[in-house]
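Please read them with the structure open.

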Amino acid sequence: GLKEEGNLAFKRAQVLRRTTAGKQYLNDAKACYIQALTLLGGERADERALALACALHCNLAAVFLQEVPPKWQEAKAAADIALSVEPQNVKALYRRAQAVLEDGREGLVETALRAALADLDAAAAAEPANAQVAQEASRIRRRIDALEAARRVPPPEEVIARVPVALRDRGGDCLAEHGYVWGQTEAAVHLFVPARGARISRASLVTVEIRPRSLRLALPATVQREGTWEVAGDLHRLVRPDDCSWQLDE
């Protein structure tokens, strides 16, 4: 039948990928699947017809993924239809994930990665021995984990632990009471104030006022904290503001 003809043409297209003959075989496969679906549209929607429609749309998704350039939206739409008939179809789940991932390109939004992972996890649950699905799910999970790690804001104690001990020497730990730790050398005093609740991406978001007799540092509001958070007070000795500096470190 047309489905079998399409499958044969698709296999030949895979063997001859990125060649003129391969492109023609891929077009032949697509034509067979579309013609088969057209004929199927005139039949009664019984169990056999629905199963065939699912398989044909799943195969069409594979064709769209193989085209140069790939047709991601068309592949996803075909897989969507297949899954509306058979929600646990492993091939359709995997191909929809491939379509959403767009060949794993960098810069995909996290929602796309999570949608693809949901399909891959569903496919793995339906077919645990499928190594291809498991490998792709693991790869996408690592990408999501990396995004979450980059978003993670370490607690103040962890931030301070990264500051070299030499810079905290001859100082004091006022983290719990006032939100900072300080240290001093013969030539300078260092003050370390960890950001709280969110990463600060730009120095312009921080307010620092250094005066001869006082210091004020204000951090922006975050989702976890309404309003600014600040450290302010008088200095033990007079300072020259022009000799003072501050910086925002990762």
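1. Three strands make up an open sheet, ordered E1-E2-E3, and their pairing is antiparallel. Strand E1 covers 172-174 and strand E3 covers 189-192. Both stand at the edges with a single partner strand each, so one side of each has no neighbour in the sheet. On average, neighbouring strands here are turned by 15° against each other, direction ignored. Bear in mind that this is a predicted model.

2. Now the E1 and E2 pair. Strand E2 spans residues 180-184. Three bridges join E1 to E2, and the two run antiparallel. Which residue is the bridge partner of Cys174 in E2? That partner is Tyr180.

3. On the general point, strands of a sheet pair through backbone hydrogen bonds, in either a parallel or an antiparallel way.

4. Next, His57. This residue is found in helix H3, residues 47-66. Is His57 buried or exposed? Its relative accessible area is 15%. Buried means under 20%, so His57 counts as buried. Leaving aside residues up to four places away in sequence, His57 touches Leu37, Ala78, Ile81 and Ala82.

5. The largest pocket has a volume of about 2,000 Å³. Its lining consists of 47 residues. Val189, His190, Leu191, Phe192 and Val193 are the ones that lie nearest its centre. Two or more lining residues come from each of helix H8 (156-161), E2, E3, strand E4 (207-210), strand E5 (214-219) and strand E6 (229-234). Edge strand E3, at 189-192, is therefore one of the contributors to this lining.

6. What classes of residue line the largest pocket? The lining divides into 33 nonpolar, seven polar and seven charged residues.

7. The second largest pocket holds about 1,100 Å³ of space. It is lined by 41 residues. Nearest its centre lie Phe10, Gln14, Ala62, Leu65 and Gln66. Which elements supply at least two residues of this lining? They are helix H1 (2-15), helix H2 (20-40), H3, helix H5 (90-101) and helix H7 (131-151). H3 is also the helix in which His57 is found.

8. By class, the lining of the second largest pocket has 17 nonpolar, 12 polar and 12 charged residues.

Notes. Residues numbered from 1 in each chain as written. Predicted model: local features only at pLDDT ≥ 70, side-chain atom pairs only at ≥ 80, totals over all residues. Heavy atoms only, no water. Pairing = 2+ DSSP bridges. Helix = DSSP H or I, 4+ residues; strand = E, 2+ residues; numbered from the N terminus. Axes fitted to C-alpha atoms, helices over the stretch in contact; angles between N-to-C directions. Buried < 20%, exposed > 50% of the residue type's maximum accessible area, 1.4 Å probe, protein only. Contact = heavy atoms within 4.5 Å. 1 Å grid on protein atoms, 1.4 Å probe; cavity = no way out; pocket = protein on both sides within 12 Å on 5 of 7 lines; lining within 4 Å. Points joined across faces, edges and corners; volume = space filled by probe spheres on them. Nonpolar A, V, L, I, M, F, W, Y, C, P; charged D, E, K, R; others polar.
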